[in-house]
Amino acid sequence: MRASESGPAIETENLTKEYPYGFLHLKKKTSLEGLTLRVETGEVFGFLGPNGAGKSTTIKLLMGLIFPTSGRARLLGKPTTDVAMHRHIGYLPEQPYFYDYLTAAEVLDYFAKFFDFTAQDRRERVQRMLKKVGLETAGKIQLRKYSKGMLQRVGLAQAILHDPPLVILDEPMSGLDPVGRREVRDIILELKRAGKTILFSTHILPDAEMLCDRVGVLVGGKLQGVGAPGDIVGIQAQGMEILFALTASQSGGAPLLAAATRIGDRYRLQVPDGEMYAALEQLREAGAKILSVSQIKPSLEEYFMHLVAADRAQATAIEVSGK
Amino acid sequence: MTHIGAVALNTFREAVRDRVLYNLVFFALLMIGAAILVGQISIGIEQIVIVSLGLSAISFIGLLMAVFIGVGLVSKEMDKRTIYALLAKPVRRWEFLVGKFAGLIFTLVVNTAAMSAGLFLALAYVKHGLQSADAGVLVAVYFILLKLSIVVALALLFSCSTTSLLSILYCAGLYLAGSFVQQMRTLRTDLMGNATATFMRWLSYLLPNFENFSVTGPVAHGVAIPGSLILQNTLYAAVYCTVILAVAAAVFSRRNLK
Amino acid sequence: MKAALTLSLVLLAGFAGIWHLQLNIDAQQAALHQDRNDVLLTSPKLLKVLSLEYAPLLADVYWTRAVQYYGEKHAAHDNNLDSLWPLLNIATTLDPQLLPAYRFGAMFLSEAPPRGAGRPDFAVELIQRGIRENPDYWRFYEDLGFIYYFDGKDYAKASAAFAEGARKPGAQVWMKVMAAKIAAEGESFETSAFLWRDIYQNTTDAEMKKNALAHLQLLSAQEDCRRLDALADEYEKREGRRATNLNQLVQAGLLQGVPVDPANFIYVIGDDGKVQLNPASPLWEKQKLFEKLK
């Protein structure tokens, strides 16, 4: 069964998940509301949102671990209930736990058995994966002795063991130190270069900015925005920032200097977009040494915080109004 | 290896690494003690004592394993979150269940076989040799395994749907009920109303009847068990387990994994 | 929807199969176990040790089994009540204060088959344990006296038992009277009737009540026959021949009307000239089973 190559890798349509709770299950908690989303083949898509926003819920719905209250989802063109499709999907659960009485090699071997490889092929893949995630030496130790970071690596290994075209990772960086995070980033980039489609969720924004072609921001169960990390902010760039140095003997360009902020022997100057070249010319005449020129735009983080605050305000308003 | 086989093998491996099989040490000690003591205490009934004691112990230990491991088969994987990565593989939920069932049954078979060997050794010791009539003990052991398979199926069903403590209680309750089902048929139906009597009768057929599998008395006295009973009991266990597993699969396939 | 349908079919087919198989298995197992009620662990002391603090619970289980056993055997018209004594023995060893078990045992162990096991010796042993463990329960003396009177026909011991029991707290006055009466007369209709009536009125056990009623009815019938025989003898004296039915006695002015037995059937005169129960009466069958009472 070949995965559909023409359509999107992931496609959801009004996906909703409600949890009944309380006495007689009369009340409902909506953890995901009307999610409509497309992830194209070959892209790296980041799923952002604060804790409890519904990212994990979405991913579990995609993997068929929980069932939607309404709406539909398709992976590689097939509905999420098609278990055979899992042949082509790799999944890393959040906070992965595996059978602590098995070693890493045994766990990988066990999972590999579900993919109809030959025994030889299985052995090779397991060894390759252990090496890839840096666990070759720890392969014979029981998982109960592993640190969180090591478990995370095992999780990653079992997700890509069968070389799937679509990889879904739930918080792949969680619990990792900077070295670990760097390694995971590298693996994700490697997968991307190999043409895989990757969906991962995180609440670490710099990682998303660095890796993703597009991101989707989920707050309070609702999708607030989708697009390239740069585009999504949706606010015009606020100009350019020029970093330069001046030797004491140089002078001139006084009005510019006055507008600049001084940090030690460097100056930082913000100018509107259209005036950039004029400012550069002035600085050149003043003999300044240009260190860098970069675009000012609000960071993803600021955008994010703004969305979260808006959502919280709305939630409070609803509570107060007693709806 | 099939998906069911893979899950089954892993279930067996878990039992071994959880040191479940150490119960065999206890059983061995029990049999040795009994074999030595019985020679001193009673004359002429060594066979009856060893066989009764051995079969009771095999049944009891097997029951403990079936219930306590059984109720954790699914719930443990859900609690420990190990089930997420597994169900993300191309394996159907019912394959997972059947694999778990098969794995525990296999564990019980291995455990019971070892205990039976011990029983025969003790028997050979007190009787100074074995006769062909003693093969009846194998039939009794086989029946115990059939009985345990039904208990495992029930434990698995509860494991899919409720917490461990409740599962244990339900299993124990059903086991007790199933042991007294025979009595339900001979209750004084003339003393109850018609509706109650009919209800009791239906219930007595629907509940698992574990007394079908009890042949300790005849076996201890060296009576042969007819082949037709062996066949009927095998079919009974097979059909009953299939029904329970079908219900378990239905329940589990719609379960939201939290 | 399709899944629900498949599941329903599997369940239906499955349970139909189970039902069918169970019927076959029942037949096989019945053949294999001649006596379904194997009491495998027959050592009460061992059981008491094994049962730890669950002894009273286990006692109840065995007591229930005893009652069920009795009921099953009765329903199957099976006279073999061999397992009754072991079951009651175990029950009362596990819980020596299980009063109803002693009373039940006293009645049904001592009575002759088919109503009982026909072992008054076991019954006496049981009651004596009951007395040992519950020395102030006066009714056990009534039961002991009962066994000696009815099944042992040992009036001296019976009287002694009643006398002893009369001294216990809460004992009713009639115990003393009974002791004296039995010492003086041995078996008599009034004594027998009184004892059975006392059991009938005071027991809550359904089986015991049924049994007592049956005995009372037969006793009453027996007494009626005895009195009617006396009248028949009188008739013979007057008329010089034996009456053939009780109407003749009515015509002779010896009776007001033809009396009926407790089941409302008239008495008849048998071929031997003695008054007897009407063969159409349900009591007739019962009496055949109670030959001892003649």
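Domain bounds here come from an automatic or database domain assignment. This is a predicted model: local features need pLDDT of at least 70, side-chain atom pairs count only at pLDDT 80 or more, and totals for chains, interfaces and linings use all residues. Residues are numbered from 1 along each chain as its sequence is written, while chains are lettered from A and ligands numbered from 1 in the order in which they are written.

**View 1. The two domains of chain C.** In chain C the assignment gives domain 1 (44-211) and domain 2 (220-293). Over C-alpha atoms, the centres of domain 1 of chain C and domain 2 of chain C are 34 Å apart.

**View 2. Lys210(C) on its helix.** Lys210(C) sits in helix α11 (residues 206-239) of chain C. Helices (H or I, at least four residues) and strands (E, at least two) are DSSP runs, numbered from the N terminus. Is Lys210(C) buried, exposed or partly exposed? Lys210(C) counts as partly exposed because it has 14 C-beta neighbours inside 10 Å. The cut-offs are 20 or more other C-beta atoms within 10 Å of a residue's own for buried, 12 or fewer for exposed, and partly exposed in between, with C-beta atoms placed from the backbone.

**View 3. Chain A overall.** Ten helices and 14 strands make up the elements of chain A. The C-alpha trace of chain A spans about 75 × 55 × 40 Å along its principal axes. Of its 323 residues, 40% count as buried. Contacts (C-beta atoms, placed from the backbone, within 7 Å) are counted in chain A between residues at least 6 apart in sequence, and 72% of these join residues at least 24 apart. The assignment for chain A gives domain 1 (10-232) and domain 2 (240-295). The centres of domain 1 of chain A and domain 2 of chain A, taken over C-alpha atoms, are separated by 46 Å.

**View 4. Helix α5(A) and its two faces.** Helix α5 (residues 178-193) of chain A has 16 residues, which should span 22 Å at 1.5 Å a residue; its end C-alpha atoms are 22 Å apart, in agreement. The expected span is 1.5 Å times one less than the number of residues. Which residues of α5(A) are buried? They are Gly180(A), Val184(A), Ile187(A), Ile188(A) and Leu191(A). These cover an arc of only 100° around the axis, so they lie on the same side of α5(A). The arc is that of the directions from the helix axis to the C-beta atoms. An α-helix has 3.6 residues a turn, so residues three or four places apart point the same way. The face of α5(A) turned away from the buried side carries exposed Pro178(A), Val179(A), Arg182(A), Asp186(A), Glu190(A) and Arg193(A).

**View 5. What covers α5(A).** The cover over the buried residues of α5(A) includes β3 (44-48), α4 (148-160), β7 (166-170), β8 (197-202) and α6 (205-211) of chain A. Just after α5(A), Gly195(A) takes a positive phi of about 90°.

View 6. Chain B has twelve helices and zero strands. Its C-alpha atoms fill a box of roughly 60 × 55 × 30 Å along the principal axes. For 258 residues a compact globule would have a radius of gyration near 18 Å; chain B has 20 Å, which agrees. That radius is taken over C-alpha atoms, and the globule rule is 2.2 Å times the number of residues to the power 0.38. In chain B, 42% of the 258 residues count as buried. Helix α7 (residues 136-161) of chain B has 21 of its 26 residues buried, so α7(B) is largely enclosed by the rest of the structure.

**View 7. Where chain B meets chain A.** Here 21 residues of chain B contact 21 residues of chain A. On the side of chain B, the elements giving two or more residues are α1 (3-17) and α5 (82-87) of chain B. The largest share, five residues, comes from α1(B). This side of chain B divides into nine nonpolar, four polar and eight charged residues. Ala, Val, Leu, Ile, Met, Phe, Trp, Tyr, Cys and Pro count as nonpolar, Asp, Glu, Lys and Arg as charged, and the others, Gly among them, as polar.

**View 8. Where chain B meets chain C.** The contact takes 24 residues from chain B and 22 residues from chain C. On the side of chain B, α12(B) gives the largest share, twelve residues. The residues on this side of chain B are 13 nonpolar, ten polar and one charged.

Note on methods. Contact = placed C-beta atoms within 7 Å.
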